[in-house]
Amino acid sequence: MAEKPVCMSTQTPSDEDIQREDNIRCLSMLGHFGFECLPHQLVNRSVQQGFSFNILCVGETGLGKSTLMDTLFNTNLKEKKSSHFHSNVELKIQTYELKENNVQLKLTVVNTVGYGDQMNKEASYQPIIGYLDAQFEAYFQEELKIKRSFVDYHDSRIHVCLYFISPTGHSLKALDLLTLKNIDNKVNIIPLIAKADTISKNDIQTFKYKIMNELISNGIQIYQFPTDDKTTAQVNSAMNEHLPFAVVGCMEEVKVGKRMVRGRQYPWGVLQVENENHCDFIKLRDMLLCTNTENLKEQTHTQHYERYRRFKLQKIGFTDVGPDNQPVSFRTSLSILKESSKRR
Ligand SMILES: Nc1nc2c(ncn2[C@@H]2O[C@H](COP(=O)(O)OP(=O)(O)OP(=O)(O)O)[C@@H](O)[C@H]2O)c(=O)[nH]1
């Protein structure tokens, strides 16, 4: 390994030290400590263990949810046609083991079947909330066990909700607003304009603008691509401006010039799915699978699950502070809890 001059410092620098930065002696390392290999250990372990990612697709019947999933993962995930003769929304959960080069991905796709087919709007969004909470609850119960087994635990918490908006060109429907309002504190939402090939380019821009205004005026929080990491800040902040993504799904290949491309053939030409001038499919795929997968998982754990866990523990009666507003230990919290349940 090459010897590099390093600035040796064992303490956190004070202001004075920083001022005297020019005077710090640079020493040449004779050997190497080896900790520069730490990232490789993480990479190797992650590749060996494989990755997992859970996607929830919410959208009215026939908006192209399954086709988009197939297009995203370039595989035929769809198994059999869903029946739509249900009085309630059903959730179809399918888990796939995918492999690209050496990387294994355990992908779970949860699809809403019959969403929007009900007269009663509550019947459309309640099963979605129920599912999201049930996955948090399963993880919470595992956490509470004395003997936990997170190594082989299948974490089914949803990392992202792709919300398919009907390409009306007008505005969001009442059901869209109602559902989004009820799930935005439980899951990361990425809104998509479905079947974007059915609206003109100009109309899409106006529609995107209207949707974003409606989301803001209704106080709905959608997932923002993070801009605090300088390696991805620029691309992520540009992508935030493109939301909601206008997507087109298609597995068929058509001939354009001398190349075969995935696209939809129309009498007036071909809409190419993987052409950024035609739709936002590439943007969605890059943001979801190349740039922000880990951030989506992290947000799920640190924000959405954390909120659920706090609510659950408070409901049971646990507290972090005593009656005098001072921090208390777990043991004290437990005795406060016992005392209050005795009094009841
Ligand atoms: N024009 C156009 N048609 C699409 C697009 N995506 C899918 N379709 C077509 O729309 C129809 C329904 O697509 P699906 O992917 O089955 O829709 P879905 O939302 O999964 O349907 P359900 O699971 O039954 O709710 C099929 O005929 C697709 O070929 C698209 O982006 N544009």
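In this predicted model, helix H4 (residues 122–144) and helix H9 (residues 293–316) pack at an angle of about 75°, and their axes lie 10 Å apart. Axes here are lines fitted to C-alpha atoms, for helices over the stretch in contact, with angles running from 0 to 180 degrees between N-to-C directions. That angle makes H4 roughly perpendicular to H9, given that 65 to 115 degrees counts as roughly perpendicular, under 35 as roughly parallel, over 145 as roughly antiparallel and the rest as oblique. The contact, meaning heavy atoms within 4.5 Å, is made on the H4 side by Asp133, Phe136, Glu137, Tyr139, Phe140 and Glu143, and on the H9 side by Thr300, His301, His304, Tyr305, Tyr308, Arg309, Lys312 and Leu313. These residues divide into six nonpolar, three polar and five charged, where Ala, Val, Leu, Ile, Met, Phe, Trp, Tyr, Cys and Pro count as nonpolar, Asp, Glu, Lys and Arg as charged, and the others, Gly among them, as polar.

Residues are numbered from 1 along each chain as its sequence is written, and side-chain values use heavy atoms, with hydrogens and water left out. Because the model is predicted, local features need pLDDT of at least 70 and side-chain atom pairs count only at pLDDT 80 or more, whereas totals for chains, interfaces and linings use all residues. Helices (H or I, at least four residues) and strands (E, at least two) are DSSP runs, numbered from the N terminus.

Arg309, one of the H9 residues in that contact, also forms a salt bridge with glutamate 306 (3.6 Å, N to O), a salt bridge being a side-chain nitrogen of Lys or Arg within 4 Å of a carboxyl oxygen of Asp or Glu. Both residues lie in H9, three residues apart, about one turn of the helix. An α-helix has 3.6 residues a turn, so residues three or four places apart point the same way. Arginine 309 is partly exposed at 29% relative accessible area, as is glutamate 306 at 28%; buried means under 20%, exposed over 50% and partly exposed in between, with a 1.4 Å probe and protein chains only.

The structure holds twelve salt bridges. In another of them, arginine 285 meets glutamate 274, with the closest N and O atoms 3.1 Å apart. Arginine 285 lies in helix H8 (residues 281–291) and glutamate 274 in the loop between E11 and H8, so the pair ties together parts that are eleven residues apart in sequence. Lysine 283 and aspartate 280 form a further salt bridge (3.4 Å, N to O); lysine 283 is buried at 8% relative accessibility, and aspartate 280 is buried at 7%. These two residues belong, together with Lys208 and Glu276, to a network of salt bridges.

The order is E9-E10-E11 and the pairing is antiparallel, two strands being paired if DSSP finds at least two bridges between them. Neighbouring strands of this sheet are turned by 70° against each other on average, direction ignored. Strand E10 (residues 259–266) pairs with E11 over four bridges, and glutamine 265 has valine 270 in E11 as its bridge partner.

Helix H3 (residues 65–73) has eight of its nine residues buried, so it is largely enclosed by the rest of the structure. The buried residues are Lys65, Ser66, Leu68, Met69, Asp70, Thr71, Leu72 and Phe73. After H3 comes asparagine 74, whose phi is positive, near 50°.
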